[in-house]
Amino acid sequence: MSGVEMSGSNLEYDDEKMEPMGVTSSMEKGRQWVNWFTTNVQDRPRRYKLIDDNDARTKSMYTLQFAVGVAAINTKMLNPNYAIMATPGASDDSFPDTDPFEFNSATYFLPMSSLLGVAIASIFLGTISDRYGRKPVLLVLAVVSGIGSIVKYFSKDTFWGFCISSFVFGFFLGNLPVAMAYIGDIFVHKTEKERQLSIIVANYVMGNSGGGIIAILMQDSGLFSPLWIGAGLMFISAISIVWWLIEPGDERLQPLGKDVISQEMEDND
């Protein structure tokens, strides 16, 4: 335990418990937080910047939006090429066969294998990030998805090998629920929260479209070549998450900080 004297009072800040020492009233703790946030900007942990540093919060949100966008790109990146892949002999990169599926079924099953993994993972990832933190989960998803794109490229020789790879690594492309939970953590007001959620969803939709555009532009370089672009984007996302994304913080701090600061604002009005 280490104590840091809080400005404007004789109380000290407990780094381990993340609360003022010797204060029992929640409202009094809140007043100490407000005072401490405004007078100890340089010494506070980075996560507190989400509350009172607009530049840090903006960079963190841009990183989050980029992560969602590139995951969506990877989900739909090969869609324009599936018909050619499922037609044996149509291209050097086409699968030798798609047994037991005929052409129509194969072109449906190829994108479904990835989306099924995304859908299943989306059920659990929000809860997992509640327990382990938004930033660590988003980082793991980005890194494993980048590796997954490379594995999928080297699984291109067989229809079932590629579909199984797409399904397995599809679990790591479902970062949208985690991003939405992140927004819920750091924005208090309904209007701003809805605006940020709209931006995240827009990034997801644009990413879905962008993946197909990349595949079309790279058609001459091979049906599976866009996967290397996808891997690079995911690794860039991982680096940006490490560098700019700020974890919302300890659950004991944030609800107290939000509620009490809001109450302080109402009292001042």
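Predicted model: local features only at pLDDT ≥ 70, side-chain atom pairs only at ≥ 80, totals over all residues.

**A helix pair to begin with**

Analyst: H8 and H9 cross in a right-handed way. A crossing is right-handed if the near helix is turned clockwise from the far one by less than a right angle, and left-handed if anticlockwise. Helices are DSSP runs (H or I, at least four residues), strands are runs of E (at least two), and both are numbered from the N terminus.

User: Which residues of H8 and H9 meet?
Analyst: Leu-176, Ala-179, Met-180, Ile-183 and Gly-184 come from H8, and they meet Lys-193, Gln-196, Leu-197, Ile-200 and Tyr-204 of H9. The residues of this contact are seven nonpolar, two polar and one charged. Contact means heavy atoms within 4.5 Å.

User: How many helices and strands does the chain have?
Analyst: There are 11 helices and three strands. Along the sequence the pattern is β-β-β-α-α-α-α-α-α-α-α-α-α-α.

User: What share of the chain counts as buried?
Analyst: 45% of the 269 residues. Buried means under 20% relative accessible area, exposed over 50%, partly exposed in between (1.4 Å probe, protein chains only).

User: Which residues touch the most other members in the largest nonpolar core?
Analyst: Leu-64, Leu-78, Met-85, Leu-110, Phe-162 and Phe-224, out of 45 residues in that core. H3 gives the largest share, seven residues. A nonpolar core is a set of buried Ala, Val, Leu, Ile, Met, Phe, Trp, Tyr and Cys residues joined through side-chain atoms within 4.5 Å.

User: Let's zoom in. Is Leu-64 buried or exposed?
Analyst: Leu-64 counts as buried because its relative accessibility is 1%. Leu-64 lies in H3. Leaving aside neighbours within four places in sequence, Leu-64 is in contact with Leu-138, Ala-179, Tyr-182, Ile-183, Ile-200 and Leu-245.

User: And Asn-203, where does that lie?
Analyst: In helix H9. Asn-203 is buried, with a relative accessible area of 18%. Not counting residues up to four places away in sequence, Asn-203 touches Gln-65 and Gly-69. Asn-203 and Gln-65 are 138 residues apart in sequence, yet 6.4 Å apart in space, C-alpha to C-alpha.

User: What about Leu-110? Which residues is it in contact with?
Analyst: Tyr-82, Met-85, Ala-86, Phe-95, Phe-159, Phe-162 and Cys-163, leaving aside neighbours of Leu-110 within four places in sequence.

User: New topic. Which residues does a cis peptide bond join?
Analyst: Asp-99 and Pro-100, with omega about 5 degrees. Pro-100 is in the loop between H4 and H5.

User: Last one. Where is Ser-225?
Analyst: In the loop between H9 and H10. Ser-225 counts as buried, at 12% relative accessibility. Ser-225 touches Tyr-153 and Met-218, not counting residues up to four places away in sequence.

Methods. Residues numbered from 1 in each chain as written. Heavy atoms only, no water. Nonpolar A, V, L, I, M, F, W, Y, C, P; charged D, E, K, R; others polar.
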